[in-house]
Structure formats: structure tokens, C-alpha cells
Amino acid sequence: YTHDSIGLGEDGPTHQPIEQLTSLRSTPNLDTWRPADAVESAVSWKHALERKDGPSALIFSRQNLQHQARDAQQIADISRGGYVLKDCAGEPELILIATGSEVGLAVQAFDKLTEQGRKVRVVSMPCTSVFDAQDAAYKQSVLPLEVGARIAIEAAHADFWYKYVGLEGRVIGMTTYGESAPASALFEEFGFTVENILGTAEELLED
């Protein structure tokens, strides 16, 4: 799939698949991958080719996405569906979860929050079904139950992400269709900005 969010704005809301990611993810036995850059794309492609027990869907952005630096362990963990991309020393007070083009936003927000002295973790989750299939110890190492302050960021339907952030967490996502405008204007209009993530984080941590 090549139209992954509100990012293809000039084609109008009929070409912005706000609901389709949730629909694909809820399809039994279908692994749905939304990679954040070329490295995650390569891993998801390899995983799909090697899978013997069902189909896979690969969801690609039309935007230019920034490469994210990773060590060897992080590259290996991409194939587990979700992994820690950026981290702090010790236990985080806030976890940012993102996919696809929004991972770059989460990393930018991480940098700003770290400068403010906050202890933050960024989790990239390119494939939720593969992550859900991991053992409890691994899932706990990525999303520790003790950390309830969580924000999920994805330019698609918001409701899916409450399974990871809980009722007390926040989701920066879509609850309507998009509009016809350049991607940058739409991301600004619907709150997919570093400033909105920082404001949401401040509100959540104060609560």
C-alpha cells in the first residue's frame, strides 16, 4: 500500500486511508507493517518474504522520511514488531509510541523533552501483530507496565492505539477524514507537530 495516511493531502480525503490501517490490523492472521524508514522497510520486506503461515501488508509513506540511527541490536529487534529506538538512563517517565512517518516526529520530541530534563523513551512499532506475539518479558522490556504515561502518534484512526496507551494515555491521531491540502499543512492542522507532542506530554505528566 502506498497511501498511508493524511500525508497525500492534495488528492483529498477520499485518498487518505484514515480507517484502513485499523481494518488491516484487525484482519486475523495478517501482519501489517508501517515502516519508518528504509531500514525498517527492508526488515519488513524480508519478514514478509520469509513468513510461511500467512500474508503480510506493507504500508509505505509518500513523504521523504529521515533515516533513524540504530545499533545492531535495534536492527535485529525491528523484526519483533516493536522496539526501543531512543531511550533514557533508568526507567522512563514517558513513552512515545509511533509508526511510519510519525517516528521522526517522536524522535524530535524526544530530543526536546530530553533537553528539558525529562526521561523519555521512543518505541517504534512497525507491526503490532508481530509485537503482540512476542513473549511477555520482551514486551515488558519495551513497554514496562510501571510506566503509565504514554502517547501514541499516528496519522490514522486514533482508537486502535488505546490498547497500548491505556485509558489514561493520549493518542495523537485522526478522528475525522483529512482535507485537501499539502501534507505539511495537514500535519500542522491536525496536530502532528513536535509542539503538539510537547504540549500533550506536559499535560499528561502534570496529570
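The legends below describe close-up views of a predicted model.

**View 1. Helix H4 against helix H9.**
Helix H4 spans residues 102–115 and helix H9 spans residues 194–206. Their axes come within 9 Å and cross at roughly 55 degrees, which means that H4 is oblique to H9. The crossing of H4 past H9 is right-handed. On the H4 side, the contact is made by Leu105, Ala106, Gln108, Ala109, Lys112 and Leu113. On the H9 side, these residues meet Val194, Ile197, Leu198 and Ala201. Sorted by class, the contact of H4 with H9 holds 8 nonpolar residues, 1 polar residue and 1 charged residue.

**View 2. The largest nonpolar core and a separate one.**
The largest nonpolar core has 51 residues. Those touching the most other members are Leu94, Leu96, Ile97, Leu143, Ile153 and Phe192. Helix H4 gives the most to this core, with 7 residues. Another core, of 6 residues, lies apart from it, and Leu24, Leu30, Ala57 and Ile59 are among its members. As a general point, nonpolar side chains in soluble globular proteins tend to be buried together.

**View 3. Surroundings of Leu143.**
Leu143 is one of the residues that touch the most other members of the largest nonpolar core. Residues up to four places away in sequence are not counted here. With those set aside, Leu143 touches Ile95, Ile97, Val123, Met125, Phe131, Arg150 and Tyr164.

**View 4. Leu96 in strand S4.**
Strand S4 covers residues 94–98 and includes Leu96. Leu96 has a relative accessible area of 0% and is therefore buried. Neighbours within four places in sequence aside, Leu96 is in contact with Ala106, Ala109 and Phe110, among others. Its contacts also include Val120, Arg121, Val122 and Val123, as well as Ile151, Ile153 and Ile197. Of these, Ala106 and Ala109 belong to the H4 side of the contact in View 1, and Ile197 to the H9 side.

**View 5. Arg25 in helix H1.**
Arg25 is found in helix H1, which runs over residues 20–25. Is Arg25 buried or exposed? Its relative accessibility is 10%, so Arg25 counts as buried. Beyond its neighbours within four places in sequence, Arg25 is in contact with Thr32, Arg34, Thr99, Thr128, Glu154, Phe160 and Trp161. The C-alpha atoms of Arg25 and Cys127 are separated by 8.7 Å, although the two residues are 102 residues apart along the chain.

Asn29 lies in the loop between H1 and strand S1, residues 31–33. Asn29 is not a glycine, yet its phi is positive, at about 70 degrees. Most residues other than glycine have a negative phi. The relative accessible area of Asn29 is 46%, so this residue is partly exposed.

Glu91 lies in the loop between strand S3, residues 83–86, and S4. Glu91 counts as partly exposed because its relative accessibility is 49%, between the 20% and 50% cut-offs. Apart from neighbours within four places in sequence, Glu91 is in contact with Lys119, Glu146 and Val147.

**View 6. Leu167 in the loop between H7 and S7.**
Leu167 is found in the loop that joins helix H7, residues 162–165, to strand S7, residues 170–174. With a relative accessible area of 79%, Leu167 is exposed. The C-alpha atoms of Leu167 and Asp87 are separated by 24 Å, and the two residues are 80 residues apart along the chain.

Definitions and conventions:
Residues numbered from 1 in each chain as written. Heavy atoms only, no water. Axes fitted to C-alpha atoms, helices over the stretch in contact; angles between N-to-C directions. Helix = DSSP H or I, 4+ residues; strand = E, 2+ residues; numbered from the N terminus. Parallel < 35°, antiparallel > 145°, perpendicular 65-115°, else oblique. Left-handed = near helix turned anticlockwise from the far one by under 90°. Contact = heavy atoms within 4.5 Å. Nonpolar A, V, L, I, M, F, W, Y, C, P; charged D, E, K, R; others polar. Core = buried A, V, L, I, M, F, W, Y, C linked by side-chain atoms within 4.5 Å. Buried < 20%, exposed > 50% of the residue type's maximum accessible area, 1.4 Å probe, protein only.
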